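Let's take a walk through this structure together, one piece at a time.

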Amino acid sequence: MLRYIARRLLLTVPLLVGISLVSFLMMHMAPGGPIGSGTDLNPKATAESRARLKAYYGLDRPLHVQYGRWLGRMATLDFGDSFSPDGRSVAEKIKERIPITLTINVLSMGLIFLVAIPVGVYSAVHKGSLFDRISTVAVFTGFAIPTFWLALLLMILFGVTLGWLPISGISSLDYESLGTLGRIADRGRHLVLPVLLAGFGGLAGMSRYMRSNMLEVIRQDYVATARAKGLPEGTVVFRHAMRNALLPVITILGLSVPDLLGGSVIFETIFAIPGMGQLFYQGVMSRDYPLIMGILTIGAFLTLLGNLLADVGYALADPRIRQG
Amino acid sequence: MRKPLRRAVLPSIALFLMFAACGGGNPESAGKGTAVSDVPAYGDAIVEGSIGDVSGFLTAVTTDASSHEAAGYVFNGLVRYDKDLKLEGELAESWEISPDGKRITFHLRKGVKWHDGAPFTSDDVMFTYRRMIDPRTPTAYGEDFRQVKRASAPDSLTFVVEYARPFAPALASWGMHVLPKHLLEKYPDISKSPLNKKPVGTGPYRFVEWKTGEKVVFDANPDYFEGKPYISRVITRVIPDQATMFLELKSGGVDIMTLTPPQYVRQTETAEFRKSFNKYKYTSSGYTYLGFRLSNTFFKDKRVRQAIAYAADKKALIDGVLLGLGQEATGPYKPGTWAYNPNVRKYPHDPGQAKALLNDAGWKEKDGVLVKDGQPFEFTVLTNAGNDARAKTAAILQQNLAEVGIRMKIRTVEWAAFINEFIDKRKFDAVILGWNITPDPDQFDIWHSSKTGPKELNFVGFANPEVDRLLDEGRSTFDLEKRMKAYFRIQEILAEEQPYVFLYVPEALPVVQNRFRGIVPAPAGITYNFVKWYVPAALQKHKVQP
């Protein structure tokens, strides 16, 4: 097992280099460049100032030299400095955005599991019942409704009309003057709507997935055997059926690891949340190469790590895979 | 409009300064709230909504509007635009221009202090100038300063610059924020200095904190040379979505923002809204146009361009796109400013006249489409994606042109691709774009025939010897009378030639919570006298201890 993990980890390195190379090339193939946002259609920017800016950012070097430099820095885990005028380091920019994105994603994922698994199981066990049909309609409605629209409606209801919850942002203006408990409560109030909405959209996938897994398992012979033994229905469903139906969920969990750090642009824009989604979007729009590369590399690494974790989890749970 | 206006920018630096925001106008709402003693009082905070985050506070190295606005609270230039968009002294008390127009002598204000207490002197101005021309400074604004032949600081309150030839726009370039030498000296690259994140300036407000992506906070500078500002604290909140920002406004989370036309016309016309807010309306400093690639076979002929100008229903555009909140553009200047010529050839909506002109030019109608030499009149107009107003403009123009037998297709392209793949490579028939209008009327870069090279701004390829000469004349004298004459004539020629069909100038639509008093609208907008805004003591909402 340990050798397996070690081999997989080693394989990650060439994969990461390959991914970064492809990302780098794609990024440079896109029209425009980092200096364009400030100099395009700007009469004060002459050919000379453009050339100076290019040299300043090292963009006058051939592509392979630029990539080589980036890779060299990466080898020492240095993400470099952002091309945006504040010139702050990419690592610093990513670091300050991670907590809020991670919080929202973990909470909304928890919410999804908490709601979707029982709903899926219950729907499968009582297939075709009123609950099954209502929950199907409900989760698919959640899936189909444009988040930004629902978000605005909820903001109007809870923020403007009722005044119960803050509309946007992640903290009140007097946040600094609050005590620890006050701060937690304040942060919590700001997170209610974003987490609810992020969770609502994801319910459909998870509950449907759980439902079909469960249906599959319930038809299996060993479930029939369990019933034949005269076990109570509760034990049959939770002990024998659900445990096995949960197995594929491990895969989903593993594959969700990169999503934990990836924010949604639309979502963060609507709620004015300074998260990873906005950071990446702004990076792409202004062609901030080091920032784009930094986020892509982290994303790639997490994806590979998630895959590895899922495989390991699977192997632990299912002896057939371990031996294979 | 989800994204900040990605308008083609013509940014004189001073244009971005917060004290030169909008244009002339009148207060829209009469709602003045309850009767309280309307006496100026210190205190309270104002929360501004901003679509974009700050990217840095040193305006030499930033180019976005959010950063320039935020920096405007902290820094000053030698000159600035006053409420009538005329240049006045800021850190310079006065200036003289030598009779030959080549030398400007600035007399600096006495007793001005940096926020850290150090005195402001001509050394700081000299330092700023040197850094602007230093290749290690990543600035897009170096060009104006490279025109300076010699700069000197004969004493601590005098700064002298000499140019090779008289250059009128040079004066406005000294609106560039002056940087503190004593704090920046040791940083060869100012963009990497801590001051870009924690600025120290001479301005009305002192920097307190910047939470990236969230907010920027400033406190009043008690030693400001124009007197301590009444409003004690300014908080700029980043809210990227216009609809969210509007909800924040209504629930009290934001005090001042800019409305969209639908918000202005449809969502704020309630008694409840009027009770707590004052709306304002001004001519904004920008216009939208339909520009032709003039070497294109369709558009070479002046009569065709004039015909399109007649075919375009500007009234319908203003009503449809701006819900009536705009005015017809007749040239590249802002209506009501000194350089604007109101008496140029106009093109009222007249499809008959358009058809007649197209007939003259050899286009004959066949099955509803104009044809000449077997070729149908069919072209594609390009505009940038994500700009709602321009997309609507294109749709209305499409219909207008179909009425006279011209088929216009519409294509929207992402901004960077639009500039690099289409504008720069001259791969377009026509474009819908906009320019900001700077207070200084010099538009050499847009209309001069020498400015058609790669990345240059005369991308339509306009060439007119008389305009070339007038552009030169207009920028090389400080004599207002002479400049006015030159720019008036340029507008006549542009109106006749129609290299662009000038479409409309939108209104700027700010809204302010009505506890704020002292707002006096002027051609420059409302924020030019921000330091004089106040909240009467009885109405103050936030307790701020400076």
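Before we look at any pair of helices, here's how their angle works: axes are lines fitted to C-alpha atoms, for helices over the stretch in contact, and angles run from 0 to 180 degrees between N-to-C directions. Also keep in mind that what you're looking at is a predicted model.

Start with chain A. This chain has 15 helices and 0 strands. Its C-alpha atoms fill a box of roughly 85 × 60 × 40 Å, taken along the principal axes. Of the 324 residues in chain A, 33% are buried. If you take the contacts in chain A with a separation of 6 or more, 70% of them come from residues 24 or more positions apart.

Now zoom in on two of those helices. Helix H13 of chain A covers residues 276–285, helix H14 of chain A covers residues 289–317, and the two pack at an angle of about 140° with their axes 8 Å apart.

Next, hop over to chain B and look for a sheet. Here 4 strands form an open sheet in the order E5-E6-E8-E7, with antiparallel pairing. Strands E5 (92–97) and E7 (148–155) of chain B stand at the edges with a single partner strand each, so one side of each has no neighbour in the sheet. On average, neighbouring strands of this sheet are turned by 20° against each other, direction ignored. Further in, 5 bridges join E6 (residues 103–108) of chain B to E8 (residues 158–163) of chain B. One pair to find is B:Phe106, whose bridge partner in E8(B) is B:Phe159. Helix H3 (residues 122–133) of chain B packs on the sheet and touches E6, E7 and E8 of chain B. The direction of H3 makes about 160° with that of E7(B).

Finally, where do the chains touch? In total, 45 residues of chain B are in contact with 40 residues of chain A. On the chain B side, the elements giving two or more residues are helix H4 (143–146), strand E11 (231–238), helix H7 (242–251) and helix H14 (415–423) of chain B. H7(B) gives the most, with 6 residues. By class, this side of chain B has 20 nonpolar, 13 polar and 12 charged residues.

Methods
Residues numbered from 1 in each chain as written. Chains lettered and ligands numbered in written order. Predicted model: local features only at pLDDT ≥ 70, side-chain atom pairs only at ≥ 80, totals over all residues. Pairing = 2+ DSSP bridges. Contact = placed C-beta atoms within 7 Å. Nonpolar A, V, L, I, M, F, W, Y, C, P; charged D, E, K, R; others polar. Buried ≥ 20, exposed ≤ 12 C-beta atoms within 10 Å, placed from the backbone.
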